[in-house]
Amino acid sequence: MKTLRIGSGAGYSGDRIEPAVELAEHGDLDYLVFECLAERTIALAQQARISDPQGGYDPLLSERMRRVLPFVGVQTGRRRLRVITNMGAANPVSAAAEVRRIAVELGLDLKVLAVVGDDVLTMLQPEFLLDNGQTVGSLGERLISANAYLGVDGILQALHADADVVITGRVADPSLFLAPQMVEFGWAADDWPRLGRGTLVGHLLECAGQVSGGYFADPGFKDVDDLARLGFPLAEIDADGQAVITKVTGSGGRVSRATCTEQLIYEVHDPAAYLTPDVTADFSRVCFVEEGADRVRAQGAGGRSRPERLKVSVGYLDGWIGEGQMSYGGPGAVARAQLARDVVLKRLELIGVKMQDVRAELIGMDSLHGPRSTVEPWEVRLRVAARCEERSEAVRVGNEVETLYTNGPSGGGGASKSVRQVVAVASLLLPRDAVNPRIEA
Amino acid sequence: MKLHTLAHSRTGDKGDTSNISIIAYRAEDYPWLCEQLTVERVAGFFADLLEPGAAPVRRYELANVQALNFVLPGILRGGVTRSLALDAHGKCLGSALLDIDLPIMN
């Protein structure tokens with residue numbers, strides 16, 4: 001029986017590149033998938049596209065492709081390797097053109113196809129209600145993007161059209177991995193149990209290193225070998241969707257029941273109903289069996305019919321966040337930092353900075369989970385952040401922290417300040433029929 | 001005894017909701033962890049951070065992998081994109097929960 005080998009080359013946009021190259025070269029793969037879109041990445045990419053109509057795709061696309069394309073396509077003595085990625089972000093068509101340009105430059109003859117149809121901005125009506133209670137209309141000109149989470153459909157079209165490289169925009173993460181399993185094994189679009197199992201494989205692989213020993217080590221409790229050379233994962237899958245998760249021999253990291261269990265539950269709510277555009281997957285009875293060093297078999301996933309509506313991620317501008325930080329150390333550091341915090345908050349009030357919300361905390365004491373620390377650290381860092389409607393107001397927050405140098409308590413050092421625009425994300429649901437995934441050459 | 005000695009954890013985020021897995025190192029500890037780590041206990045641990053009026057904390061059991069999954073709506077206060085928090089994703093919440101004190105097992 002045929003075994004399909006799918007590797008995971010990225011778990012987020014800025015991820016390491018050499019583990020992907022290692023997989024492409026030594027993973028004996030049929031497919032290499034790069035998942036690079038977080039919740040608001042498309043909204044940010046859409047802004048980039050507004051300033052450059054040819055832009056709006058992943059900033060690392062060119063570098064990644066330059067490194068892995070030499071292993072892609074039909075090559076003597078190797079499996080045919082194909083690439084699937086959502087690095088098209090807000091502009092899959094331009095991204096595909098860029099990949100074609102790189103292929104030609106490298107002397108490669110590859111078919112590169114873009115999947116479009118996720119951009120549904122023009123379909124939104126002012127009365128549509130977002131999950132945060134606002135209407136689309138209330139966002140006015142602050143609305144910047146609306147992208148439906150597509151399922152496997154467009155990728156299936158591209159693979160059936162014999163693409164070597166498939167570039168998408170917003171696609172549900174597991175769908176990037178499910179589509180090649182459906183194509184290679186001929187699974188029907190309503191074969192829910194197999195789609196559920198294939199979705200489990202996608203879910204385990206979609207964050208790359210997070211299943212192979214990344215984001216796992218806790219020295220003395222959970223140790224991981226050679227974390228600096230962490231290998232990215234691959235799955236060996238059979239025609240029923242049964243799979244073994246493993247990694248390239250000799251790479252760093254580890255694949256174990258524990259690493260797989262952490263990733264199984266990651267970003268899952270009800271494990272019996274993991275919703276994707278393709279299937280309602282059931283992970284509630286999954287179990288893992290260690291079959292050898294860094295080899296774990298995933299069993300027991302199921303599936304039911306897919307949701308009738310697709311989730312749409314809506315990006316909009318929501319003001320600015322201004323921030324300032326200052327460190328205090330040595331005896332009395334906490335008391336001086338607390339005084340500095342009080343002074344800054346008072347100053348923001350006195351000079352009338354217009355803020356929607358403000359937060360002031362001491363890094364090292366209470367910045368993550370409130371006041372829980374029972375010991376006084378040697379050093380702490382004051383952090384003040386505020387959200388303002390206007391950029392000019394947000395700037396004043398960091399400035400006021402900086403003035404602690406000559407006006408605040410003794411011994412403050414290492415001031416920093418920043419201002420960033422808030423690109424917020426909300427969601428709504430659209431009927432599946434309203435969305436039309438398709439390929440563009 | 002700290003939960004840290006018996007279980008490990010990972011935190012995920014969707015919108016302004018966190019989910020925290022608690023996974024027993026040893027299968028034999030799992031029933032006892034299920035007994036101890038009630039929704040009330042976990043909600044109480046994060047009482048200062050949970051948003052008043054948000055939907056209640058939920059718990060799911062994954063017995064085949066000896067794990068619990070806690071879902072905490074509203075704890076990210078506006079979500080990753082709008083939050084003023086240093087750790088806007090709430091990535092560190094699971095590690096915090098491992099500090100929970102448990103009675104010594106018989």
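**View 1. Contacts and overall build of chain B.** In this predicted model, 64% of the chain B contacts (heavy atoms within 4.5 Å) with a separation of 6 or more join residues 24 or more positions apart. Chain B has four helices and four strands, where helices (H or I, at least four residues) and strands (E, at least two) are DSSP runs numbered from the N terminus. Their order from the N terminus is β-β-α-α-β-β-α-α. The radius of gyration of chain B, 14 Å, is close to the 13 Å of the globule rule for 106 residues, so chain B is as compact as a globular protein of that length. That radius is taken over C-alpha atoms, and the rule is 2.2 Å times the number of residues to the power 0.38. Along the principal axes, the C-alpha atoms fill a box of roughly 45 × 25 × 20 Å. Of the 106 residues in chain B, 57% are buried (buried is under 20% relative accessible area, exposed over 50%, partly exposed in between; 1.4 Å probe, protein chains only).

**View 2. The loop at Gly53(B).** Gly53(B) sits in the loop between helix H2 (39-45) and strand S3 (58-62) of chain B. Gly53(B) is exposed, at 84% relative accessible area. Asn19(B) is 34 residues from Gly53(B) in sequence; C-alpha to C-alpha, they are 18 Å apart.

**View 3. Helix H11 of chain A.** The twelve residues of H11 (residues 391-402) of chain A should span 16 Å at 1.5 Å a residue; the end C-alpha atoms are 17 Å apart, which agrees. The expected span is 1.5 Å times one less than the number of residues. Buried here are Glu393(A), Ala394(A), Val397(A), Gly398(A), Glu400(A) and Val401(A). Seen down the axis, the buried residues fall within an arc of 160°, so they line one face of H11(A); the arc uses directions from the helix axis to the C-beta atoms. Their packing partners in chain A include strand S14 (309-329) and helix H10 (333-350).

**View 4. Cysteines without partners.** The whole structure holds zero disulfides (pairs of cysteine sulfur atoms within 2.5 Å). For Cys36(A), the nearest cysteine sulfur is that of Cys207(A), 11 Å away. Cys36(A) is buried, at 1% relative accessible area. The sulfur of Cys34(B) lies 17 Å from the closest cysteine sulfur, in Cys287(A), too far for a bond. Cys34(B) also counts as buried, at 15%.

**Notes.** Residues are numbered from 1 along each chain as its sequence is written, and chains are lettered from A and ligands numbered from 1 in the order in which they are written. Local features need pLDDT of at least 70, side-chain atom pairs count only at pLDDT 80 or more, and totals for chains, interfaces and linings use all residues, while side-chain values use heavy atoms, without hydrogens and water.
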